[in-house]
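Subject: Structure handover

Hi,

Here is the structure for you to look over.

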Amino acid sequence: MPDAVVIGAGPNGLVAANVLADAGWSVEVLEDQPEPGGAVRHDRGVDPAFVNDLFSSFYPLAAASPVLAGLRLTDHGLRWSHAPSVLAHPLTDGSCAVLDRDVDITAASLDAFAPGDGDAWRRLVGLWQRLQPDLLNSLFTPFPPVRSAARLMLRLRGAGGLRVARSLVLPVRRLGEEEFSGQGGRLLLAGNALHADLAPESAGSGGFGWLMAMLGQTYGFPVPVGGSGALTEALTRRLRTRGGQVRCGQRVERIVVRGGRALGVRTAAGDAVRARRAVLADVSVPALYTDLLDPEHVPPQILDDLRRFQWDFATFKVDWALDGPVPWQAEQASRAGTVHLADGLDELTRFTAQIAMKQVPDRPFLLFGQMTTSDATRSPLGTESAWAYTHVSREITSDAAEEGITGRWDTKDQELMADRVERQVERFAPGFRNLIRARRILAPPTLEALDANLCGGAINGGTTAIHQQLVFRPVPGTGRPETPVPGLFLASAGAHPGGGVHGAPGANAARAALHRRRPPGLTHAQRLLTHRDRTGARP
């Protein structure tokens with residue numbers, strides 16, 4: 001019997017297992033899919049000569065995460081690679097905002113839009129440099145982060161206090177208007193905010209866009225050499241060197257609760273796996289409370305709150321094998337790993353408004369990844385492994401382009417939407433479609449089939465909006481990894497601090513389990529079983 005059972009071998013589950021193993025616990029990780037990794041996997045499914053990431057690709061939060069830094073994954077084979085520039089946001093007139101790890105290059109690109117905007121960017125970088133250590137510690141530690149938050153408040157006071165706090169809760173459209181005269185800086189902030197499900201007019205989108213932009217400015221948007229799965233391989237390899245086990249093809253059907261405590265799990269095959277000390281669940285919040293637990297073990301208030309739980313936008317993704325570099329009209333985009341495609345801030349607002357109205361956007365905002373530009377091992381010389389994803393509503397009532405996309409995501413819907421995505425790329429890179437050797441479509445149901453945590457194609461474990469963050473994540477009053485069931489801990493992106501590959505939810509859940517251990521009050525029979533499992537003998 002292991003000390004802990006971890007449900008799900010995504011990055012958070014694997015981080016949780018590693019933290020427990022470092023503390024001397026025996027750990028068994030059970031994964032539904034045939035391989036570990038969750039949304040951090042790659043394959044050669046588009047073309048045998050090309051490596052394509054199935055889900056996530058760029059990892060600024062991983063580069064910034066003290067959790068992952070503490071695991072020293074480079075000792076276990078992980079290597080990082082960077083594109084020459086971090087990010088570009090071209091416009092159809094040929095102008096282009098560039099985010100580069102060299103702040104002078106970033107500033108120069110913004111000055112090209114409006115003289116003086118480069119200095120405005122430097123001021124935002126200066127604010128970040130003052131707040132960075134305590135802000136990151138506050139993000140990545142369990143809620144409430146008492147010590148780091150206290151230090152952050154002191155730094156905020158020195159940096160401008162309430163005025164800075166006001167800026168960070170602004171909608172990103174307003175923050176951009178207050179800080180920049182031209183479009184360039186505004187687009188860098190707003191495009192980064194839309195890595196999540198935050199419209200330019202959403203409260204708090206300014207702070208999120210600023211955070212993501214500053215992470216890119218400081219750490220870049222690095223990628224694992226060889227494919228995103230290299231990060232998973234390093235986590236798995238490290239765990240196994242510490243005695244942990246990862247078993248794939250093991251779908252957990254139920255968490256076993258007896259005597260008011262989580263004692264283990266039952267798999268779809270009918271196997272019972274006991275846990276001596278804790279069960280950690282790297283699963284979505286609705287799945288944990290409505291599928292894996294019997295209703296009698298979930299307080300009625302949580303079940304009621306779950307009716308108000310909000311998922312983030314659904315995601316539609318296309319992977320490509322390209323016979324040559326993308327022919328960007330704005331040459332600066334050719335050097336960026338990530339390219340944002342929307343022709344101005346108003347087009348971003350229009351895009352999110354169509355999603356809010358449950359329409360399929362006619363000009364989808366695209367996050368475009370140039371993976372060979374970021375890591376030369378991804379495809380043959382002179383070619384490009386690429387992808388783009390966009391957001392769509394989880395419930396679709398109409399198609400803004402009137403082409404008949406229904407939201408059923410059958411073959412017809414998928415092909416129509418993939419063609420629309422490619423036409424959007426063509427607006428900024430004429431001739432793009434002539435380079436396509438092969439493509440693969442990952443519609444929302446496909447993403448969920450490959451990773452059950454991506455329910456309906458949602459990739460962040462729930463909305464990033466402020467009404468479902470901090471003490472409100474995943475539901476009001478549950479900002480920590482502990483659940484109402486003793487011995488059971490939430491270790492997924494559904495928990496604080498949310499989505500992104502940084503390992504914090506998994507590490508927080510593991511530390512909570514280590515702190516709680518097994519509480520007093522075990523029955524005599526439970527103590528006998530625990531002693532016998534540990535020693536092989538009767539006490």
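One cavity of 30 Å³ or more turns up in this structure, which is a predicted model.

Which residues line the largest cavity? The lining is made of Phe58, His82, Ala83, Ser85, Val86, Arg101, Phe221, Gly337, Thr338 and Ser374. Two elements give two or more residues each to that lining: strand 6 (85–90) and strand 15 (336–341). Sorted by class, the lining of the largest cavity has five polar, four nonpolar and one charged residues.

Next, the pockets. The second largest pocket has a volume of about 310 Å³. Its lining counts 16 residues. Nearest the centre of this pocket lie Gln310, Phe313, Ile355, Ala356 and Ser393. By class, the lining of the second largest pocket splits into six nonpolar, five polar and five charged residues.

Then the surface. Leu470, Val471 and Phe472 make a nonpolar surface patch of about 240 Å². Where does leucine 470 sit? Leucine 470 is in the loop between helix 17 (444–450) and strand 21 (488–490). Is leucine 470 buried, partly exposed or exposed? Its relative accessibility is 44%, so leucine 470 counts as partly exposed. The cut-offs behind that call are under 20% for buried and over 50% for exposed.

Best wishes

Methods
Residues are numbered from 1 along each chain as its sequence is written. This is a predicted model: local features need pLDDT of at least 70, side-chain atom pairs count only at pLDDT 80 or more; totals for chains, interfaces and linings use all residues. Side-chain values use heavy atoms; hydrogens and water are left out. Patches are made of residues with over 30% relative accessible area and no salt bridge: like charges are joined within 9 Å, nonpolar side chains (Val, Leu, Ile, Met, Phe, Trp, Tyr) within 5 Å. Accessible areas come from the Shrake-Rupley method with a 1.4 Å probe; for residues, only the protein chains shown count as cover. A salt bridge is a side-chain nitrogen of Lys or Arg within 4 Å of a carboxyl oxygen of Asp or Glu. Helices (H or I, at least four residues) and strands (E, at least two) are DSSP runs, numbered from the N terminus. Buried means under 20% relative accessible area, exposed over 50%, partly exposed in between (1.4 Å probe, protein chains only). On a 1 Å grid over the protein atoms alone, a cavity is a set of points where a 1.4 Å probe fits but cannot get out, and a pocket is an open set with protein on both sides within 12 Å along at least five of seven lines; lining residues have an atom within 4 Å of a point. Grid points are joined across faces, edges and corners, and a volume is the space filled by probe spheres set on the points. Ala, Val, Leu, Ile, Met, Phe, Trp, Tyr, Cys and Pro count as nonpolar, Asp, Glu, Lys and Arg as charged, and the others, Gly among them, as polar.
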